[in-house]
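These are my notebook entries on one structure.

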Amino acid sequence: MASESTLTAWLRGLDGPRLARVLATRNDTASPPEPRSVGELADRLQRPGSVALALPLLTLPDLQVAEAVAALGTTASREALAKLLGATAGEAGLALEAVLETLAGYALVWPDHNGRLHAAAPLRQAWDAPLGLDAPLAQLLADMTSDELRGMLAALGIKPPGTKQQRMAALVAHHSDPEVIAEVLARAPAVTQKLLAHRAGSAPRQPQAILFGAPGPVLEPGARWALDRGLLIQDRRRYGPARMPVEVALALRGPTWHAPFAPLPPSPQLVSITPTEVEREAAAAAAALLAQATSVLSACSSAPPARLKSGGIGARELARIGKAAHADDAVVRITLETAYTAGLLARVGDRVAPTEAYDVWAEQEPAERLATLLQAWRELPLTSTRARDEDNKALPALAGAPPCNGCRQARHGLFAAAAQLPAGQGVKNASDLGPAVAWHRPLADTSPTDVTPFATVIREAEMFGVIARGALSALGVRLLAYDAEGLTATCRRLLPPAAETARIGGDLTAVVAGTPAARVAVVLDATADRETSGTASVWRFSSGSIRRALDAGRAPGDIAADLAAVTAGPLPQPLSYLIADTARGHGRVRIAPAACVLHGEEPALLAELAAHRKLAELGLRQLAPTVLVSRSSLDTTLAALRAEGYAPVAETADGTVRIEKTRPQRAAAPVPAPRKDRGQLGTRSTAVRTSEVPVAADMDVLAVRLLTAPPTAPEPDPFGSGVPFGTDTEEIVAGYAKHLSYSDVRQLAHAIDASAAITVEYVATSGSRTVRTLSRLELDPPYLEAWCHLREAERVFTLSRIHGVMPQ
């Protein structure tokens, strides 16, 4: 509570703009809901979720200083922090002051009126053991009795004060002096010195599970001497290993040991570039990607891709789209993900189809189209071009994976790293930006298939023209500043307007320089086959492509007129001849729909049937003097002709006369009454049946019978066992894990509630089945966060992909 009151006092000393910046940074949004008071703002900033939002935005030195403050405790002096980091003077000291100012802007660390530093209460929880250190001495002594404190002081040769608080303060003051600790350690037995030196250089041991009735932990050799003097602290319940206070560990590590502190980003190899070169390359890359993205979405509009049963668009559909659009897998994936995020695509049943917003987008100028995709890419909660998982299995696109804030921060870190390059300088190889991205966003996620850090994200930025010639282009500057209007204006400057005309040559090709307008692309896609797309798009006419347009119901004259409308001059003679020749042979064979065929040897009789008014509903049509086709089925046509007095016969498929036999009708066998359960013979249900209630029953008698009826049984679980869910966790798990039986649901829910390990059969997004042992389970419907022992890392699992459960 003391830190909260200190935070409130510090916030009251800030002006309005700084208060707004603090709130915006900790909420990771430009317009968070305004608090009603400074006290409410302080309470909001102390929440663990608020700290979790702020940490991914920190640079490496920010995170290193925050970890050092967390290691020293929620309150520390600037001098102790500077000494711990080795930043007491010079450039390191100035960098430390700048970092503290940044952390104060996030309300993670702030000073009080005495100059001491206070940290947000949840900050220490971000690390299991910051800097490999345990808790401060005051925290470890909180459960000690006054007599135990007196014994420690006496063993150290200090006269114990009167109260518990005074004794604790005296012990903390004694252990806070590294020289005094060194003197005490010099008097320790050799085995104790070896034990303490080992414990000071290693991370704290994690406590093991409690086994009731089992003896407490066995003390290590030399531990008793350290426990008696407070150099190690044992839990009063003897739970877990003895713990070393942070003051003792730092004293034992010595004055030459410093916590890691890297105030400067890594320096990649740079080359000289000009703004013109950057702009030219960015424009070329953006135009090429936009043209290919337009082709990809056009292919999706013509034939919406099918979704896998497990979700997402599989490799086969991705390859089909890429072949139709002449785009590689990375372009197809990044287009689908950004278009889906921008609302241009949506799931419709078992397919993914363009929305009405796509039609509006397709009619826009290239600049507006590119700006829409760029803004969607900046905020993508995944790495869109990642094609393989950690098992090197193919990943589907649009699979609905859990949001990845680390993937989003990787892009933001790339923007920040490239923005820090000197003017007129770019990295020699774009991949050299990876270490700088890791410095700007150390908590960002990199793809497990990247050969160099953040190679996939850097490649995506180059595809969009955000990174060009190893430097941040004007597009990247606008994305970094969240300037939507400026981004659109920059796109207009880099990309020319859509091309309204095509150049059709005598070699039966059509070439469009730049991005074709929507109407040009529609006409050429309907009458020709696209061969290439990019900075220039090429279509080729053939008899097959012209036949495709004729099949769609377009007349030869309409095809020629549409092509003439999108070309600057007259149509070349070879193309006109191609259209005429293809149209001449089109439709020589016609196929008509028919449910059945009528034929006979008398043309007059068939003509009479075709003209009969009462047979008009059959839809009879004369194809030849002796042949009619009917739109109605054979039995319907047969019955209608017989009703009008004609005598037709039916034929089988091989042309023989069908023999009709009428079977005599028989009544169905009576259904036997259900037999009573032998276990209930001689009993009578007390439930009120409707048939037992007389029509003129007395209302009082009816009320008595209703009151004596048993209560309605509870709704059984959906698995049909008749047993209701035992816990809310079971009901939640059953609602998402549709492949699990009721017993499996109960096992998984029990493991979640009891924090127990469990083994599951899991189907990955690639379709591969694996058996994984999970622990530290946290339910976040529809996902399950857990430690995966197969991968030795934290993983997020989709409940619907869990197909089996096996207890440990």
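Entry 1, a first residue and the ground rules. I looked up Asp 581 and found 46% relative accessibility, which counts as partly exposed. The bands are buried under 20% relative accessible area, exposed over 50%, and partly exposed in between (1.4 Å probe, protein chains only). The model is predicted: local features need pLDDT of at least 70, side-chain atom pairs count only at pLDDT 80 or more, and totals for chains, interfaces and linings use all residues. Residues are numbered from 1 along each chain as its sequence is written, and side-chain values use heavy atoms, with hydrogens and water left out.

I found 33 helices and 21 strands in the protein chain. These are DSSP runs numbered from the N terminus, helices being H or I with at least four residues and strands E with at least two. Of the 808 residues, 41% are buried. The accessible surface is about 42900 Å², and carbon and sulfur atoms hold 55% of that; areas come from the Shrake-Rupley method with a 1.4 Å probe, and for residues only the protein chains shown count as cover. I also looked at contacts (heavy atoms within 4.5 Å). Among those between residues at least 6 apart in sequence, 61% join residues at least 24 apart.

My search of the whole structure returned 22 salt bridges, each a side-chain nitrogen of Lys or Arg within 4 Å of a carboxyl oxygen of Asp or Glu. Arg 493 and Glu 279 form one at 2.5 Å, N to O. This pair links distant parts of the chain, with Arg 493 in helix H24 (residues 484–494) and Glu 279 in helix H15 (residues 275–302), 214 residues apart. Within helix H17 (residues 329–341), Arg 333 and Asp 329 lie four residues apart, about one turn, and bridge at 2.7 Å, N to O. Arg 333 is buried at 4% relative accessible area, whereas Asp 329 is partly exposed at 34%. Asp 581 bridges Arg 584 at 2.8 Å, N to O; both sit in helix H28 (residues 573–584), three residues apart. Arg 584 is exposed at 58%. I also noted a network of salt bridges linking Glu 277, Glu 281 and Arg 469.

Val 649, Val 657 and Ile 659 make a nonpolar patch of about 320 Å². Patch members have over 30% relative accessible area and no salt bridge; like charges are joined within 9 Å, nonpolar side chains (Val, Leu, Ile, Met, Phe, Trp, Tyr) within 5 Å. I placed Val 649 in the loop between helix H30 (634–643) and helix H31 (699–708). Val 649 is exposed at 58%. Leaving aside neighbours within four places in sequence, Val 649 is in contact with Leu 638 and Val 657. Leu 638 is eleven residues from Val 649 in sequence and 7.5 Å away, C-alpha to C-alpha.

Most residues other than glycine have a negative phi, and most peptide bonds are trans. Ser 755 has a positive phi of about 55° although it is not a glycine, and lies in the loop between helix H33 (742–754) and strand S17 (758–763). Glu 792 also has a positive phi of about 55°. The peptide bond from Pro 781 to Pro 782 is cis, with omega near 5°. I found Pro 782 in the loop between strand S18 (769–780) and strand S19 (783–788).
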